[in-house]
Amino acid sequence: MATRSKSSQRWLKEHFSDPYVKKAQAEGLRSRAAYKLEELVERDRLLRPGMVVVDLGAAPGGWSQWLRQALSTLYPSSPGRIVALDILEMPTLAGVEFLHGDFRDDAVLSALESLLGSQPVDLVLSDMAPNKSGMDAVDQPRMMHLAELAMDFADHHLRIDGTFLIKLFQGVGFDDYVRELRRRYAKVAIRKPDASRKRSPEVYALAQGKLSHPSPRSHLQDPEYT
């Protein structure tokens, strides 16, 4: 069997000694990422009774799981709805509706719209990230592509005055993306939760107060914004 690389060994050592990993295991949560969401949600008081949340790229389900518990605890008589989407399979979570597929596919979007009926989406979450190659020149464009797809999803499915929370990697394209968020939302803040590893380039953009439905064409590639 091939020996693990030094970087792989270092990651494993860091992972299993991580206090958030240990806490997630002790509390029965699927992912340490749940604590990032907990901090972000509580800091900005994002939860409301009866809200409808869409969690993009949800597997393994850490964010949806924590959110379901939080909404049910805070608002037991009106815990709202959580719809999780991912191209990967995700084990069932009580109180979470899961759609298996690529949210760019018309069939998946049709299924989502059928599921929601006339209910508007109050909060769109995206903790998506590409499989990392370790090369910034490859990983950053992949990450920004996912981020653009998530923004487009929010453009078309998030209600006016709704909230969009997305993970981003700092690097090429980051500033343009945040500038584009500021065109679409009344308030945009960049957050780095305590549970994010310090050496990670990840941050979270919190965009609140969606202003209006933009035109179908993205402005990310317009000369004015490049």
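A residue is called buried here if its relative accessible area is under 20%, exposed if over 50%, and partly exposed in between, using a 1.4 Å probe and protein chains only. This is a predicted model, in which local features need pLDDT of at least 70 and side-chain atom pairs count only at pLDDT 80 or more, while totals for chains, interfaces and linings use all residues. Residues are numbered from 1 along each chain as its sequence is written, and side-chain values use heavy atoms, with hydrogens and water left out.

**View 1. The whole chain, for getting your bearings.** You'll find seven helices and seven strands here. Both kinds of element are DSSP runs numbered from the N terminus: helices are H or I with at least four residues, strands are E with at least two. Starting at the N terminus, the order reads α-α-α-β-α-β-β-α-β-α-β-α-β-β. Of the 226 residues in the chain, 48% are buried. A contact means heavy atoms within 4.5 Å. Among contacts with a separation of 6 or more, 67% link residues 24 or more positions apart.

View 2. Seven strands line up as β3-β2-β1-β4-β5-β7-β6, with mixed pairing. Two strands pair if DSSP finds at least two bridges between them. The edge places go to β3 (97-100) and β6 (185-191); each has a single partner strand, so one side of each has no neighbour in the sheet. From one strand to the next, the twist averages 15°. Angles like this run from 0 to 180 degrees between N-to-C directions, and axes are lines fitted to C-alpha atoms, for helices over the stretch in contact.

**View 3. Strand β4 and its two partners.** On one side, β4 (residues 121-126) runs parallel to β1 (residues 52-56), joined by four bridges. Look for V54 opposite V124, and for L56 with its bridge partner S126. With β5, β4 also pairs in the parallel sense, over five bridges; here L125 stands opposite L165. Six of the six residues of β4 are buried, so the strand is largely enclosed by the rest of the structure. As you follow any regular strand, the side chains alternate between the two faces of the sheet.

View 4. Helix α7 (residues 174-184) lies across β5, β6 and β7, at about 145° to β6.

**View 5. Where α3 meets α4.** The axes of α3 (residues 33-44) and α4 (residues 62-74) come within 8 Å and cross at roughly 50°. That makes the two helices oblique to each other: under 35 degrees would be roughly parallel, over 145 roughly antiparallel, 65 to 115 roughly perpendicular, and the rest is oblique. On the α3 side, the contact is made by A33, A34, L37, E38, V41 and E42; α4 brings G62, W63, W66 and L67. They split into seven nonpolar, one polar and two charged. Ala, Val, Leu, Ile, Met, Phe, Trp, Tyr, Cys and Pro count as nonpolar, Asp, Glu, Lys and Arg as charged, and the others, Gly among them, as polar.

**View 6. A closer look at A33.** A33 lies in helix α3 and, at 8% relative accessibility, counts as buried. Leaving aside neighbours within four places in sequence, A33 is in contact with W63 and D127. G61 is 28 residues away along the chain, and its C-alpha atom is separated from that of A33 by 9.5 Å.
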